[in-house]
Amino acid sequence: WRFLINDYLRGRPVLKRTVVLVDARHGLKDVDREVMKMLDDAAVSYHLVLTKSDKVKATDLAKTIDAIRAEAVKHPAAHPLILPTSSETGLGLAELRTAILEAACT
């Protein structure tokens, strides 16, 4: 699958940005880091989007965002904006839509 995905990503010059979904309750896992490296290697820009942000206390969410931001800085294809979201409360969905539209229009 990895080769198939890499070929797909590299063969799509119109692909502006991808989205990597990260569970806010757990932060970055090894599988997330693998995806980030794969996107870096393919030179495909990506947003890190935290899901289920409503399930985490505000102080813990801030710490998770800081930790992810510190790690994302080391990845050349990572967009600097980390987007916490919640499908239940609607948190961050407008910001995510805006980020997607901005990426599509550039």
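Mentor: With that, Lys52 sits in the loop between E2 and H3. Bear in mind that this is a predicted model, where local features need pLDDT of at least 70, side-chain atom pairs count only at pLDDT 80 or more, and totals for chains, interfaces and linings use all residues. Residues are numbered from 1 along each chain as its sequence is written, and side-chain values use heavy atoms, with hydrogens and water left out.

Trainee: What is the phi of Ala43?

Mentor: Ala43 has a phi near 60°, again positive in a residue other than glycine. Ala43 is in the loop between H2 and E2, and it counts as exposed because its relative accessibility is 67%.

Trainee: Let's switch to helices. At what angle do H1 and H2 cross?

Mentor: Helix H1 (residues 2–10) and helix H2 (residues 30–41) have axes that come within 10 Å and cross at roughly 40°. H1 is therefore oblique to H2. Angles under 35 degrees count as roughly parallel, over 145 as roughly antiparallel, 65 to 115 as roughly perpendicular, and the rest as oblique. The axes are lines fitted to C-alpha atoms, for helices over the stretch in contact, and angles run from 0 to 180 degrees between N-to-C directions.

Trainee: Which residues of H1 and H2 meet?

Mentor: From H1, Arg2, Ile5, Asn6, Leu9 and Arg10 meet Glu34, Met38, Leu39 and Asp41 of H2. Contact here means heavy atoms within 4.5 Å. Sorted by class, the H1 contact with H2 has 4 nonpolar, 1 polar and 4 charged residues. For those classes, Ala, Val, Leu, Ile, Met, Phe, Trp, Tyr, Cys and Pro count as nonpolar, Asp, Glu, Lys and Arg as charged, and the others, Gly among them, as polar.

Trainee: And Tyr8, where does that lie?

Mentor: Tyr8 lies in helix H1. Tyr8 is partly exposed at 44% relative accessibility. Its C-alpha atom is separated by 9.7 Å from that of Ala42, 34 residues apart along the chain.

Trainee: Now the inside. Which residues of the largest nonpolar core touch the most other members?

Mentor: That core has 21 residues, and Val22, Tyr46, Leu48, Leu50, Ile68 and Ile82 touch the most other members. A nonpolar core is a set of buried Ala, Val, Leu, Ile, Met, Phe, Trp, Tyr and Cys residues joined through side-chain atoms within 4.5 Å. At least two residues of this core come from each of strand E1 (18–23), H2, strand E2 (46–51), helix H3 (58–72) and strand E3 (78–84). H3 gives the largest share, 4 residues.

Trainee: What is Val22 in contact with?

Mentor: Leaving aside neighbours within four places in sequence, the contacts of Val22 include Gly27, Leu28, Asp32, Leu48 and Ile68.

Trainee: Last one: how far apart are Lys16 and Asp30?

Mentor: C-alpha to C-alpha, Lys16 and Asp30 are 25 Å apart in space and 14 residues apart in sequence. Lys16 is in the loop between H1 and E1.

Conventions: Buried means under 20% relative accessible area, exposed over 50%, partly exposed in between (1.4 Å probe, protein chains only).
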